[in-house]
Amino acid sequence: LVSGWNPSDRLPVYLEDDMILLPFTQMECITIIDGKTYAIDTKRTKYRLKQRLYKLEPLLPPYFIRINKSTFANENRLERFAANFSGAVDAVFKCGYRDYVSRRCFSVIKRRYNKK
C-alpha cells in the first residue's frame, strides 16, 4: 500500500487505526480542527493527516484553493459561496460542510473566476 503511493493523486489518511489512500477527487477540503490536520471527504467523514498544511500545499493539485489561513478547498466540490448578515462569506461544499472564507482569500478567488 505504501510503496504504491503516488503523491500526485492521493494522500495517506488515518481513520482511527486504519490507514487509507484517499484520492484528491474525493476530498472536499483539508482543514485544521483543534490544531490537527484533517481531510473531509464527500461523505463528510473526517480523516486525520500526519502532515501540516505547509507540507501538503506543494502536493495538492491546482484545483485546491486556499479559502482561509487553515483550509484548502477542492474547487470542484464547492457548491456555492454564501454571504452572512455580518458580511462574512462561507464556502458551502456539496456534502454540506461549511467553512468561512477570509476576505483576503475571497478577493483572490474572485479575481481567479473573473479571469475564466
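Mentor: Begin with the order of elements. From the N terminus, the chain reads β-β-β-β-β-α-β-β-β-β-β-α. That comes to two helices and 10 strands. Keep in mind that this is a predicted model.

Trainee: What radius of gyration does the chain have, and what would a compact globule have with 116 residues?

Mentor: A compact globule with 116 residues would have a radius near 13 Å; the chain has 14 Å, so the two agree. Along the principal axes, the C-alpha atoms fill a box of roughly 45 × 30 × 25 Å. Of the 116 residues, 41% count as buried.

Trainee: Of contacts between residues at least 6 apart in sequence, what share joins residues at least 24 apart?

Mentor: The share is 39%.

Trainee: Now the interior. How do I read a nonpolar core?

Mentor: In soluble globular proteins, nonpolar side chains tend to be buried together. Here, the largest nonpolar core has 14 residues. Leu11, Met27, Ile30, Ala39, Leu49 and Phe64 touch the most other members. The elements giving two or more residues to this core are β1 (10-15), β3 (27-33) and α1 (53-56). There is also a second, separate core of 13 residues, which includes Ile67, Ala73, Val89 and Tyr97.

Trainee: Which residues is Met27 in contact with, leaving aside neighbours within four places in sequence?

Mentor: The list is Leu11, Leu22, Ala39, Ile40, Asp41, Phe64, Asn74 and Arg77.

Trainee: Next, a charged residue. Is Asp99 buried or exposed?

Mentor: Asp99 lies in strand β10, residues 98-101. Asp99 is buried, yet has no salt bridge. The nearest side chain of opposite charge is Arg98, 9.2 Å away. A salt bridge needs the charged atoms within 4 Å.

Trainee: With which side chain does the side chain of Asp99 make a polar contact?

Mentor: With the side chain of Asn68, at 3.5 Å. Beyond neighbours within four places in sequence, Asp99 is in contact with Thr31, Ile67, Asn68, Thr71, Val89, Asp90 and Ala91.

Trainee: And how does Tyr100 sit?

Mentor: Tyr100 also lies in strand β10. Tyr100 has a relative accessible area of 42%, so it counts as partly exposed. Leaving aside neighbours within four places, Tyr100 is in contact with Ile67, Asn68, Val89 and Asp90.

Trainee: How many residues apart in sequence are Tyr100 and Ile67, and how far apart in space?

Mentor: They are 33 residues apart in sequence, and 7.4 Å apart in space, C-alpha to C-alpha.

Notes:
Residues are numbered from 1 along each chain as its sequence is written. This is a predicted model: local features need pLDDT of at least 70, side-chain atom pairs count only at pLDDT 80 or more; totals for chains, interfaces and linings use all residues. Side-chain values use heavy atoms; hydrogens and water are left out. Helices (H or I, at least four residues) and strands (E, at least two) are DSSP runs, numbered from the N terminus. Buried means under 20% relative accessible area, exposed over 50%, partly exposed in between (1.4 Å probe, protein chains only). Lys and Arg count as positive and Asp and Glu as negative; His and the chain ends are not counted. A polar contact is a pair of N or O atoms within 3.5 Å; within protein, one must be able to donate a hydrogen and the other to accept it, and residues adjacent in sequence count only if both atoms are side-chain atoms. Contact means heavy atoms within 4.5 Å. A nonpolar core is a set of buried Ala, Val, Leu, Ile, Met, Phe, Trp, Tyr and Cys residues joined through side-chain atoms within 4.5 Å. The radius of gyration is taken over C-alpha atoms; the globule rule is 2.2 Å times the number of residues to the power 0.38.
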